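Dear colleague,

I am handing over to you the structure shown below. Please look through it first; my findings follow.

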Amino acid sequence: MNLCSVFVLLTLGSLLTIVSLHLVAIDDVIETVRNVYYNPWKLFQLGAFGLLMNVLGLAFAKTLIKATDGSAVVYESNNGQVRVAMEAMQETLRKTMKKYTVIKQQKMKITIDGQHVEAKIKIVLWMGIDVAGFVKTLQEELHGALSRLLGEESEVEVIVDVMRVVSQESETVAKVAQD
């Protein structure tokens with residue numbers, strides 16, 4: 001089916017919907033089409049306006065499709081289609097990080113591009129640990145958790161950024177100063 005036939009079907013569908021809702025009488029539509037068809041200037045105006053509306057409609061449809069694409073990883077299994085939502089990935093990462101008491105705060109952003117998943121995690125740590133070793137361990141564990149959730153079909157990349165390392169004493173002093 002070529003692009004022109006898609007436009008014809010969309011136009012006819014819109015016209016039939018308008019007529020079925022009695023927004024316009026069919027006689028008025030036929031009369032208007034006759035007037036436009038025999039007047040070259042009106043034909044050009046209507047064609048340009050129709051082209052503009054089609055381009056805007058396609059752009060709008062493209063943004064709607066893009067908005068739903070990045071919210072899940074979809075792949076085919078032996079039993080059918082499997083969809084893993086972004087919320088499930090975020091919850092898996094949160095639960096994996098929750099068992100580490102040295103993480104004071106965490107923020108994450110997950111980007112999905114087809115089968116490629118990138119998790120960017122920013123954390124604030126409590127002082128008193130080997131930061132490099134901990135980050136390596138955390139990154140491996142988060143990567144494993146996401147890989148188990150998504151399966152072998154997906155490429156998983158986990159980026160962990162340590163934003164700050166804070167001491168518990170400074171937190172206590174700050175809380176007392178606020179009170």
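Helices here are DSSP runs of H or I with at least four residues, and they are numbered from the N terminus. Please bear in mind that the model is predicted.

I begin with the largest pocket. Three helices, α1 (3-20), α2 (26-38) and α3 (40-69), each contribute at least two residues to its lining. The greatest share comes from α3, which gives 10 residues. In total, 25 residues line the largest pocket, and those nearest its centre are Thr 11, Ser 14, Leu 15, Leu 46 and Gly 50. By class, the lining comprises 17 nonpolar residues, seven polar and one charged. The space in this pocket amounts to about 890 Å³.

Next come the strands. β1 (residues 72-77) and β2 (residues 80-85) run antiparallel and are joined by six bridges. Together they form a hairpin, with two residues between the strands. Within this pair, Ser 77 stands opposite Gly 80 of β2.

There is also an open sheet of three strands, in the order β3-β4-β5, with mixed pairing. Its edges are β3 (103-113) and β5 (155-166); each has a single partner strand, so one side of each is left without a neighbour in the sheet. On average, neighbouring strands of this sheet are turned by 15° against each other, direction ignored. β3 runs antiparallel to β4 (residues 116-126), and 10 bridges join the two. In this pairing, Gln 105 faces Val 124 of β4 as its opposite residue.

Two helices lie across the strands of this sheet. Helix α4 (residues 86-98) lies across β3 and β4, at about 150° to β3. Helix α5 (residues 131-150) lies across β3, β4 and β5, and runs at about 145° to β5.

How do these two helices meet? Two packed helices are described by the angle between their axes and the distance between the axes. For α4 and α5 the angle is about 145°, and the axes are 10 Å apart. The crossing of α4 past α5 is right-handed. From α4, the residues in contact are Ala 88, Met 89, Thr 92, Leu 93, Thr 96 and Met 97; from α5, they are Leu 138, Glu 141, Leu 142, Ala 145, Leu 146, Leu 149 and Leu 150. Sorted by class, this contact has 10 nonpolar residues, two polar and one charged.

With kind regards

Definitions and conventions: Residues are numbered from 1 along each chain as its sequence is written. This is a predicted model: local features need pLDDT of at least 70, side-chain atom pairs count only at pLDDT 80 or more; totals for chains, interfaces and linings use all residues. Side-chain values use heavy atoms; hydrogens and water are left out. Two strands pair if DSSP finds at least two bridges between them. Axes are lines fitted to C-alpha atoms, for helices over the stretch in contact, and angles run from 0 to 180 degrees between N-to-C directions. Contact means heavy atoms within 4.5 Å. A crossing is left-handed if the near helix is turned anticlockwise from the far one by less than a right angle, and right-handed if clockwise. Ala, Val, Leu, Ile, Met, Phe, Trp, Tyr, Cys and Pro count as nonpolar, Asp, Glu, Lys and Arg as charged, and the others, Gly among them, as polar. On a 1 Å grid over the protein atoms alone, a cavity is a set of points where a 1.4 Å probe fits but cannot get out, and a pocket is an open set with protein on both sides within 12 Å along at least five of seven lines; lining residues have an atom within 4 Å of a point. Grid points are joined across faces, edges and corners, and a volume is the space filled by probe spheres set on the points.
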